[in-house]
Amino acid sequence: MGKKIWKMEIKIPNMESIKKHQDYIYLEEDYIDKPKDSFFFLNKIIKKYKKKKLNNLLDVGCAKGEFLFFLSKIYKKNIQLEGVDYSKKLLKEAKKRKYSSDIKFYKKNAYNLKLKKKFDFIIVSGVVCYFDKIEFFLKNILKSLKSNGKLIIFDNFNKYDVDIILRYRNNKYSKKFEPGWNTHSVETIKRFLNKKKFKIQEKKKFNLSFKLKKKKDPCRSWHIKINNRQMFTTGLMQYFDLEALVIGKAKSHLNKK
Ligand SMILES: C[S@@+](CC[C@H](N)C(=O)[O-])C[C@H]1O[C@@H](n2cnc3c(N)ncnc32)[C@H](O)[C@@H]1O
């Protein structure tokens with residue numbers, strides 16, 4: 001009975017039917033001339049885990065493709081870069097920019113992403129907080145990793161064994177309740193990975209190089225000091241760190257192959 005209710009409650013939504021007021025951020029802001037701190041942070045992790053040759057990388061929820069453009073300048077022509085996003089408007093902008101004809105963009109719902117290709121790296125930055133049940137996403141995305149490949153999920157996570165589904169309505173911008181600030185428990189992720197013979201190989205905390213100030217829109221994050229520790233907060237009354245989880249095949253499984 002309980003299982004049935006769970007299945008009914010959490011469905012894979014048609015993302016295009018959900019207009020998210022925060023899409024304006026990625027349409028208006030540009031991270032080409034001034035790349036985000038998170039781009040440097042994520043590339044440091046890529047550099048640490050990459051083998052001699054890095055063939056391809058997928059950015060899930062790539063917005064206008066700025067991170068892919070950032071990587072194309074570093075890795076030049078030696079890498080196939082691909083991005084997916086569900087937003088027609090953002091992808092239109094990405095394609096308009098013609099950063100490099102080598103970067104490929106696809107319109108897809110990442111929650112239920114089924115790909116034929118396998119990647120060395122899959123980056124998912126600021127996206128899993130949109131999903132109600134992270135296992136749906138992980139199930140498919142893990143199949144798209146090469147055997148030594150790494151999935152890097154950058155987001156806010158709960159260290160307690162509690163998953164949080166949150167809906168908010170920013171009355172100045174929207175008449176609807178929206179997703180975008182869910183918090184998944186690291187324990188839920190670990191349990192699922194364990195079943196699939198994957199594991200979290202590293203958990204790395206992100207520190208911004210400057211103090212993030214509060215903006216007009218309270219649904220955007222800013223810095224706050226709690227017990228002398230700098231954390232992120234939002235007008236949804238959340239307090240969190242941002243972290244990257246580096247996910248790869250569990251060693252024992254790799255050795256068996
Ligand atoms: C918070 S932004 C992060 C953008 C970029 N990854 C970054 O870190 O700067 C979230 C992005 O994920 C996209 N997104 C959210 N849900 C998605 C889904 N189900 N399928 C594909 N893209 C999605 C949004 O359109 C948006 O571009």
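Author: What follows is a set of questions and answers on terms and values.

Author: The model is predicted: local features need pLDDT of at least 70, side-chain atom pairs count only at pLDDT 80 or more, and totals for chains, interfaces and linings use all residues. Residues are numbered from 1 along each chain as its sequence is written.

Reader: How many helices and strands are there in the protein?
Author: There are eight helices and twelve strands.

Reader: What does Tyr239 touch?
Author: Leaving aside residues up to four places away in sequence, Tyr239 touches Ile224, Ile226, Met231 and Thr233. Contact requires C-beta atoms, placed from the backbone, within 7 Å.

Reader: What puts the buried residues of α6 on the same side?
Author: The buried residues of helix α6 (residues 134–141) are Ile134, Phe137, Leu138 and Ile141. They cover an arc of only 95 degrees around the axis, so they lie on the same side of α6; the arc is that of the directions from the helix axis to the C-beta atoms. These buried residues pack against β4 (119–125), β5 (145–155), β7 (184–185) and α7 (186–195).

Reader: In what order do the strands of the open sheet run?
Author: Seven strands form the sheet in the order β3-β2-β1-β4-β5-β12-β8, with mixed pairing. Because β3 (104–107) and β8 (198–205) each have a single partner strand, they stand at the edges, and one side of each is left without a neighbour in the sheet.

Reader: How do you know that β8 and β12 pair?
Author: Two strands pair if DSSP finds at least two bridges between them. β8 and β12 (residues 243–249) have seven bridges, in the antiparallel sense, so they meet the definition. Lys203 stands opposite Leu245 in β12.

Reader: Which residues are closest to the ligand?
Author: Of the 16 residues that surround the ligand, the closest are Gly61, Tyr86, Ala110, Ser125 and Gly126. A residue is near a molecule if its C-beta atom, placed from the backbone, lies within 6 Å of it.

Methods:
Helix = DSSP H or I, 4+ residues; strand = E, 2+ residues; numbered from the N terminus. Buried ≥ 20, exposed ≤ 12 C-beta atoms within 10 Å, placed from the backbone. Contact = placed C-beta atoms within 7 Å.
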